[in-house]
Amino acid sequence: MVQASGRSSISFGSMTCSLPILAVTAATLAIFLGVVITPWLGLPLRSTIQSYILEAGFKGYSKNADFISDNNGQLVDVANNSTIPTYMSGKNHSSEEIIHVKPADDGISNQSAATPKRTAYNGGMAKNESVKQFPLLGNPSISLNSSLQPSEKQLQSTSTQAPSGSHDDSQDKTASTAEISGNGKKTEPIVLPPPISSENGTAKVITSGSSTGKCDLFQGKWVHDSLGPLYKYDSCPILTQAQNCQGNGRPDKDYENWRWQPMNCDLPRFDAHKFLELMHGKTLAFVGDSVARNQMESMMCILWQAETPQNRGNRKMQRWFFRSQSVTVIRIWSAWLVHTSSEAFQFAPEGLTKLHLDKIDETFMDYLPTFDVLVISSGHWFTKKAAFLYKDNVVGGQLWWEKGHERKIENAEAFAIATETALKGIVSHPDYKGLTIFRTFSPDHYEGGSWNTGGSCTGKVRPFTDNEVVANGFTDLMKSRQLYAYGEAKKNLKNRSKLILADITSIFAFRGDGHPGPYRSPDPNKITKRGPNGRPPPQDCLHWCMPGPVDTWNEFVFEITRRHLNGSSNDM
């Protein structure tokens, strides 16, 4: 019978052995097996025996803190300040990348969503590629390092916490001096993403002339349009009922009668016949979450006015074919843009969605070479319950975490990594040569709370004025992460494809009038007014009414695609 006799020894019947002796004996035996027995045992059996002995000798003994695991996962002899050779630990840590960031609560909540098991796609970041360090608004910095984790002192010196609702400009300044890494070598100054300011990342849109005179599709103003919407709510059979605001009884409709006027140029009204001609023989794909579906359905409703398409979809994707010009429109669901799984992993339980931040979602990457134009977006699902994995390690979570483990990244950091992984994978795919339109974060307009805490957008019947727009810190943060990922992808373009940014975030901060609000269903008995206690009814202030402002996104798609196919994409 084996009994524990205190912290430093184990009893085997009448014989007592100290743990140091047991550990040394185990190590000696492991070396003996690895060196002396090598010629006589096959490698698999030999590795199994070594791993078993080391598990018993070192792993259990580390509880007494005489052997600990260092930042690279190697076993360290504390007394002698030396590491156990990697061939004894049964694992090579030399190429592992480690993420290390002190946690910060963002207070964002949402419901969980299960995701089916998929096979990982091997695209995206290179195996040993490090992700640059960057600051986060309201969150500390993130470092993905291929050698050692930064020390606690380094983290404290680079991490600052901005007060809620404010912005610390010191976080946006590029580090001026090189840092000393854990291996004693100097590292280059940290490359930071664009700062968030009134000109970059917030809900500010220029509404007057420009000093440059250059056409910018995403600078301008909203103007009233007497021509009205591009289609009627009852002329599109695939329109999701929850976004059919007029069909659901919304009493006002002037939100349909505004168009975007860019600075120093025009954004043509969408002509469905001309678009189909432009896309002759080509495939247009939408990839993303339910807001991407919102945009795809808007496109389909517009094109439906010119021709009724054939439904050629299957369980993997929606697919519509317009016979007159042999044009295919596809939508593929990919809420996170990266590979997901649900099996138990390390301390993350089974059933919890796990995002593999360094592996692209193969559900759309498998079809990428067939796309001529890809419109891709995501973001809102990063507020849902999930675990974040990087290089096969659990490094963070949203609305979930196990006590006793260090949370290394939060959801905005995870979003940045996932977006960079997806965009880099797209622009480096050897068989892809299409146009990728990367749409920025779509703003919501909940006031007085979030979707599940009494937030409301009721009563908004026209676009906001400059003075009415209120900056949203989370929206600004998510857009800044997208801009960083976009910039990194542009620097890593390795194929013949084209990557264009559709920067709609600031523009649509003005369109709080364009959401369904409480008009989410045709139920004649639905509640649309505040109750006696002043609490608003449940409503949707994230998705967009159709027809409505969301149709402008596809006018951007038309114009960007036209310029690209006509060889004038440099004008954007």
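This is a predicted model: local features need pLDDT of at least 70, side-chain atom pairs count only at pLDDT 80 or more; totals for chains, interfaces and linings use all residues.

Modeller: Residues are numbered from 1 along each chain as its sequence is written, and side-chain values use heavy atoms, with hydrogens and water left out.

Colleague: How many disulfides does a search of the whole structure find?

Modeller: A disulfide is taken as a pair of cysteine sulfur atoms within 2.5 Å. By a search of the whole structure, the number of disulfides is four.

Colleague: How many residues apart in sequence are the parts that cysteine 215 and cysteine 265 tie together?

Modeller: The two cysteines are joined by a disulfide with an S to S distance of 2.0 Å. Helices (H or I, at least four residues) and strands (E, at least two) are DSSP runs, numbered from the N terminus. Cysteine 215 lies in the loop between β12 (186-187) and β13 (216-224), and cysteine 265 in the loop between β14 (258-263) and α5 (272-278), so the parts tied together are apart in sequence by 50 residues.

Colleague: Is cysteine 265 buried or exposed?

Modeller: Buried means under 20% relative accessible area, exposed over 50%, and partly exposed in between (1.4 Å probe, protein chains only). The relative accessible area of cysteine 265 is 18%, so this residue is buried.

Colleague: Is the disulfide of cysteine 236 and cysteine 301 left-handed or right-handed?

Modeller: The sulfur atoms of cysteine 236 and cysteine 301 are 2.0 Å apart. The torsion about their S-S bond is about -80°, so the disulfide is left-handed.

Colleague: Where does cysteine 541 lie?

Modeller: Cysteine 541 is joined to cysteine 457, S to S 2.2 Å, and both residues are buried. Cysteine 457 lies in the loop between β24 (435-439) and α9 (473-491), whereas cysteine 541 lies in the loop between α10 (505-508) and α11 (551-565).

Colleague: What is the pairing of the bonded cysteines of the chain?

Modeller: The bonded cysteines are numbered in sequence order. On that basis the pairing is 1-4, 2-5, 3-8, 6-7.

Colleague: How many residues of α9 are buried?

Modeller: Helix α9 has 19 residues. The helix is mostly covered, and the number of its residues that are buried is 15.

Colleague: What does α9 reach from its first C-alpha to its last?

Modeller: The expected span of a helix is 1.5 Å times one less than its number of residues. For α9 the expected value is 27 Å, and the helix comes close to this, with a reach of 27 Å.
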